[in-house]
Amino acid sequence: MILEEFINNIRSSKLEIVDLTQPLNEQTPILTLPEEFGQTIPFKKKEISKYDEKGPGWYWNNFETGEHTGTHLDSPNHWVTGQDKFSVDKIPVEMFIGNGCLIDMEKEVEENPNALLTPSHIEEWEKQNGDIPKKSWVLIKTGWSSRFNDPEAYANFNTNDQMPNTPGISKEASELLANEKDVLGVGVETVGTDAGIAPSFDPQFPNHNIMHGAGKMGLTSLCNLDLIPSKGSIIIALPLKIEDGSGSPVRVIAIK
Ligand code: MN
C-alpha cells in the first residue's frame, strides 16, 4: 500500500525531511512599514508557569505576534486585489501540499541585492528540469536566510534610496507563475515576497498584487533551501486556522 511504503521510506530515511522554518523568538525579524501605516508586532513569549508555584507539574507560555511574523504564509486575502479570495482558514487543505520547484538566484543576489526573478529564470529552469507542474510551490533560493540572525543585514536598509535592498520578483515573472503556470505560490528567504524596493514599482508590490489577486499564496523567511533539489521535492506548509485571518506563522517542511 502506498501510504505504508511512504511511512516506511521516511522511517528508514530513504525519504528525507528538511525543515524550511526559522525559529520564532523575540529577535525574529519583522517587516517595518513607513511610519504612516499600521505596524505588526514582534513575537513575544510570556511564561505562565514552569514546574513552579504557578503550576507545579507543568510548563506553558502565552505568546503574542502578528500573523506575518517569521516563516509565515500569506493567504490570498492578504492583499486588496485578493480580498474576495480565501482567508487563511478557508484555504482548501489540498493547497498546503505541492511539488517544490527551486530556482537558484544566489550568485546573482551576491552581486546585486535588488535582483529580481524574471521570466528568463523560469524558462531556464524549465529547460533544465521540464515544465513546472501545476500547483507547485516555486521556491526562490537567494542565500538571504544566512542573514536571519543579523537584523541589520537581513533588512539591508539603504540610506541612499531609503528602502531595504532585498531581492524579489518582477511583475512579469509573477504573472507567468500565477496565470500560466498555475502555481500554489512562491516561497522566499526574505521577510516578504516582494523586493525591498517594491514600493517604487508599478504596480507597487507586484508579486503581492498579482499572486494574491489570482488566489495564490506566499511563503516567507524560509531557510535550508540549499538542502533541497531543483525538482522532485514535496513541500508541506501548514498555517494556523485563524478565522478570517490574512496569514499565519507556518511550519514548512520539504520531503525529498
Ligand atoms: Mn506576509
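His68 is buried, because its relative accessibility is 16%, where buried means under 20% relative accessible area, exposed over 50% and partly exposed in between, with a 1.4 Å probe and protein chains only. Before I go on, a note on the source: this is a predicted model, in which local features need pLDDT of at least 70 and side-chain atom pairs count only at pLDDT 80 or more, while totals for chains, interfaces and linings use all residues. Residues are numbered from 1 along each chain as its sequence is written, and side-chain values use heavy atoms, with hydrogens and water left out.

Gly70 sits in the loop between β3 (55–64) and β4 (72–74); helices (H or I, at least four residues) and strands (E, at least two) are DSSP runs, numbered from the N terminus. Gly70 is buried, with a relative accessible area of 3%. What does Gly70 touch, not counting residues up to four places away in sequence? The list is Leu24, Thr28, Pro29, Thr220 and Ser221, contact meaning heavy atoms within 4.5 Å. For Thr220, which is 150 residues from Gly70 along the chain, the two C-alpha atoms are 7.4 Å apart.

Ser248 belongs to strand β14 (residues 247–255). Ser248 counts as buried, since its relative accessibility is 0%.

Next, the helix pair. Helix α5 (residues 171–180) packs against helix α6 (residues 206–213) at about 15°, and the axes are 9 Å apart. Axes are lines fitted to C-alpha atoms, for helices over the stretch in contact, and angles run from 0 to 180 degrees between N-to-C directions. The two helices are therefore roughly parallel to each other; angles under 35 degrees count as roughly parallel, over 145 as roughly antiparallel, 65 to 115 as roughly perpendicular and the rest as oblique. From α5, Lys171, Ser174, Glu175, Leu177 and Ala178 meet Pro206, Asn207, Ile210 and Met211 of α6. These contact residues divide into five nonpolar, two polar and two charged; Ala, Val, Leu, Ile, Met, Phe, Trp, Tyr, Cys and Pro count as nonpolar, Asp, Glu, Lys and Arg as charged, and the others, Gly among them, as polar.

Last, the backbone. Most residues other than glycine have a negative phi, and most peptide bonds are trans. Which peptide bond is cis? The one joining Asp202 and Pro203, with omega about 0°. Pro203 is in the loop between β11 (185–187) and α6. Phe205 is also in the loop between β11 and α6. Its phi is positive, about 45°, although Phe205 is not a glycine, and the residue is partly exposed at 23% relative accessible area. Tyr51, in strand β2 (residues 44–52), has a positive phi of about 50° and is not a glycine either. Tyr51 is exposed, with a relative accessible area of 53%.
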